[in-house]
Amino acid sequence: MLPVKQPFMEVECYRSYIDDLYSSNMDKCMEAIVCLKNSVIGSNRQKSSVLSQGVVPRLMQLLGDCSVPVQMKTEATVTLGSLAKGTDHHVQSLIELGIVPLLLTGVTSSDQKYTEATLRCLSTIFQTSNAPVSLIFMDSIIVPCLLNLTTQSVTCQVCVPAILAAACKTPEQQGFLIQEGAVPVLAQLLCSTQSLVQMNALTCLASLCYQNPTVAACVAQARCLEIQEPCFVDKSMPDLLFMLMAQDRPSEMQLAAARCITFLHRAGAFSADDPKILYRTLPCLVRLCKKDRPPLQRAQAAETLAYLTEVDIELQRTASISNHLVPTLSDLLKYPRVHAASRLPVAIFEQELKIAAELRQAAFRAFASLGANDEDIRKKIIETDNLMEHIVSGLQDPSAKVRLAAIRCLHSLSRSVQQLRTTFQRSFCSKDHSVWRPLMQLLQGASDDILTVASSTLCNLLLEFSPSKEPILESGAVDMLCELTRRKDPALRLNGIWALMNMAFQAEQKIKSQILNTLGTDQMFRLLSDTEVDVLMKTLGLLRNLLSTKSHIDYIMNLHGNQIMQAVVLILEGNHSAEVKEQALCILANIGDGDSAKEFIMSNEDVLKKLQDYMAHSNVKLQVAAIFCISNLVWREESGAIDRQARLKEMGVYKQLQQLIMTTDTLLFDKVKTAMTQFSEA
């Protein structure tokens, strides 16, 4: 009978103190809150039960009642804080009940214990990604009050920076915190003798200066005035961070300080060759990627290293030869994966999955940064054991973040012409580890983030010499890329037309026809009117590639000649840069290289006059392009050359060439001389 009676007795006791919560007797109510607090500590089952019983609204009512003693409010807040330490579902329930605005009113309390309980509860809730953290900025007194509380106690010094770090997400919020004096407060907290205070201050500082040059400059100038540690006397903030990266500090503190220095550097506070970067931050991050560190710490170190080296080629080169970094990053990809068939508890199973995903994502991102510019580094990365197999696996990973990182890595490595022609060929053509297959699959229904990088990678894989070009074409790439050119996102339109341009380079006639027919002349005109100059330039580049090889030029112009000529005239008459108009003139030169296609120019007096105008243009590149077109039209070895020469002489073209032969520009001189030679020998 005991197994039956025991739960019954627990329920009766539980109902008793739940009922007492609603008592008008403050002593009974206080006792009930204490019992409730004790019952939920360390038990997610009890937390779920309390939340399902609707107890939280009563606790919130007590917090909002001015007549309730502050001690009772403190106990109620501690209970809410314990509930917030449960599962994500528990925290979400509290958020949906509107607990955060009510807790913020406790920040201004004059009672220190109540204030500390409030801060602890807020900092716990704010660890959740969807917490309404922006609420601290809705009332202008909250942030100043929080900053002032850092002088009250260690608890306040721990909680306040944690709250501010979670809430600081936009440039406006960063600016507001600076305006309210957050930087000197954080400088003082960095000098604390309490490591947890320092850690939270570092986290807050990183959030504060991330991608914000104004804040970074302010942080770089800040100094610690009132010190608790003698070694921090009158040090600047960067100097403090430098010292906190020392190897005698806890590794998590070294990492947090390195992140701050990284964010300061990327925001322009100091250059890549600063000793703080070269001799402390970079070596520190490389060291923290090693096997002897906790897995999630290794992942964060690799992520930070990726961000540090992302845009600077010298940092990439230095990092790539630092402390065996490439094989160290490769080890991150080898973290053992758990399988659904394993008998691990659910919580441990999910944690192991998360760790493996974090490590793979970090490794791919670090490889992507290291290989962004240097051929030798790319070769070293590509030759890492089984890397291409890991990338193929990463492209199919259940985690969207891992898939995105794998694509970024592939995109970085695919920039290498040499590797596309050699090392990549085996992987691209392999039946077992073909990279293009999962990449093409990802392009179907992917998010814009993944689609942008994947389509950019596809641009590289479609270069004429890439071994993956043919199988990609056979998998329906033309339809997919043409669809990308119709997207609202300029980056996707650019990648779509860029990939089509690469696809058309030295392609067979059937592929060129397929591109034109699928894209359609209407869409071509829309792209030629695109407000993004890069999209316009790649569209013109596509036309140039389509109109190459005499037989292809004649075939395409026979089908689409009027529309193409109209498009070229549209560019030449538009308000475009010299670079854009040069491309249009080069398209005319290609048309002039055809046999029958020449007539589209020769029969259009307006276009001929435009060529004459550009021959006299002040921009030498435009002159060269126009004269190149004239040369193709009058080339003496081609049928009908005499008649075309006579027509152009009659228009005064030859006389213009005679005037231009005196130019001091060598390239222009060569083009003029070539054109005149064709005339004179005709």
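Me: What do buried, partly exposed and exposed stand for here?
Reply: Buried means under 20% relative accessible area, exposed means over 50%, and partly exposed is in between (1.4 Å probe, protein chains only). The model is predicted, so local features need pLDDT of at least 70, side-chain atom pairs count only at pLDDT 80 or more, and totals for chains, interfaces and linings use all residues. Residues are numbered from 1 along each chain as its sequence is written, and side-chain values use heavy atoms, leaving out hydrogens and water.

Me: Why is Lys 610 called buried?
Reply: Its relative accessibility is 12%. The limit for buried is under 20%. Lys 610 therefore counts as buried.

Me: What makes Lys 610 and Glu 573 a salt bridge?
Reply: A salt bridge needs a side-chain nitrogen of Lys or Arg within 4 Å of a carboxyl oxygen of Asp or Glu. The closest N and O atoms of Glu 573 and Lys 610 are 2.8 Å apart. Glu 573 lies in helix α35 (residues 550–573) and Lys 610 in helix α38 (residues 605–615), so the pair ties together parts 37 residues apart in sequence. Helices are DSSP runs (H or I, at least four residues), numbered from the N terminus.

Me: Is Glu 573 buried or exposed?
Reply: Exposed, because its relative accessibility is 53%, and exposed means over 50%.

Me: How do you know that Arg 266 and Glu 310 form a salt bridge?
Reply: Their closest N and O atoms are 3.0 Å apart, and the cut-off is within 4 Å. Arg 266 is in helix α16 (residues 251–266), while Glu 310 is in the loop between α18 (295–309) and α19 (313–320). The two are 44 residues apart.

Me: Why is Arg 266 called partly exposed?
Reply: Its relative accessible area is 24%.

Me: What makes Asp 292 exposed?
Reply: Its relative accessibility is 59%, and exposed means over 50%. Asp 292 also meets Arg 293 in a salt bridge, at 3.7 Å from N to O.

Me: How many salt bridges are there in the whole structure?
Reply: A search finds 20.

Me: Why is Val 68 called buried?
Reply: Its relative accessibility is 6%, and buried means under 20%. Val 68 sits in the loop between α4 (56–64) and α5 (70–84).

Me: Which residues does Val 68 touch?
Reply: Leu 62 and Lys 73, not counting residues up to four places away in sequence. Contact means heavy atoms within 4.5 Å.
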